[in-house]
Amino acid sequence: TDGSLVNGKSFWRASAAWAIFVTHSHPANKGCKLQHDVQCNFRAELRAAIEAMRYAADPAWIMSDCLGVVELVQNIIHENATINNDNQDLIDVAKFLVEAHGTLHYKITWVPSHLLEKKKANKLPAYLANGGDMRDLVGNQEADKLANSAAERAEGHAAYEAIAKTLCSVTSIAQSMMTHIWCAHKGYLD
């Protein structure tokens, strides 16, 4: 599973997406825009893990490159803690799925991201020597591609962006007006 966020520094233009990848040509492989007012990578990563849980008719081993999501879902599976946070709606879905299928139905493990890219290639031998599996890295890479593609195709909050541009224009006009008043008061315009 994976999540992706583009234009993350702009609330108005941010667009997050999630993806699951099972194996090549599997019908469950997909990347989708995150449908939520808050567009953030953590929520997209969590949404991907929950989609994998939702899809799993048979016991499933989910791989995620987001350690926070792995720890959160492990706590849900093992009922270690009562969890309340900004993603409570997704957490409730995960709890429901665990209650419906049992705690042995799901396993989630962290997998390092981007080890197949040149910039992290030096870490690959250590990962494999410690029992890491190349298939997990390929799966993560494919999920990453699906999530990135979905995030890039998606649009941000277009309506909010129009409001933001209007607010910027009004702010700019107000600032120009205040500057003009101040300059007139100080006699700079004489």
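Me: When do two strands pair, and how many bridges join β1 and β2 in this predicted model?
Reply: Two strands pair if DSSP finds at least two bridges between them. β1 and β2 (residues 15-20) meet that in the antiparallel sense. Serine 4 stands opposite alanine 17 of β2. The bridges between β1 and β2 number five.

Me: Which strands are the edges of the open sheet?
Reply: The sheet has three strands, in the order β1-β2-β3, with antiparallel pairing. An edge strand pairs on one side only. That picks out β1 (2-6) and β3 (30-33).

Me: What angle does the direction of helix α1 make with that of β2?
Reply: α1 (residues 41-55) packs on the sheet and touches β1, β2 and β3. Against the direction of β2, that of α1 makes about 30°.

Me: How far apart are the end C-alpha atoms of α1, and what span should its 15 residues have?
Reply: The expected span is 1.5 Å times one less than the number of residues. For the 15 residues of α1 this should give 21 Å, and the model agrees. Its end C-alpha atoms are also 21 Å apart.

Me: Which element gives the largest share of the largest nonpolar core?
Reply: This core holds 29 residues. β2, α1, β4 (60-64), α2 (67-77), α3 (88-101) and β5 (106-110) each supply at least two. Seven residues, the largest share, come from α1.

Me: Which residues does methionine 53 contact, leaving aside neighbours within four places in sequence?
Reply: Met53 is a buried residue of α1. In the largest core, Met53 is among the residues that touch the most other members. Its contacts are Ile62, Val73, Ala94, Leu97, Val98 and Tyr106.

Methods
Residues numbered from 1 in each chain as written. Predicted model: local features only at pLDDT ≥ 70, side-chain atom pairs only at ≥ 80, totals over all residues. Heavy atoms only, no water. Helix = DSSP H or I, 4+ residues; strand = E, 2+ residues; numbered from the N terminus. Contact = heavy atoms within 4.5 Å. Axes fitted to C-alpha atoms, helices over the stretch in contact; angles between N-to-C directions. Buried < 20%, exposed > 50% of the residue type's maximum accessible area, 1.4 Å probe, protein only. Core = buried A, V, L, I, M, F, W, Y, C linked by side-chain atoms within 4.5 Å.
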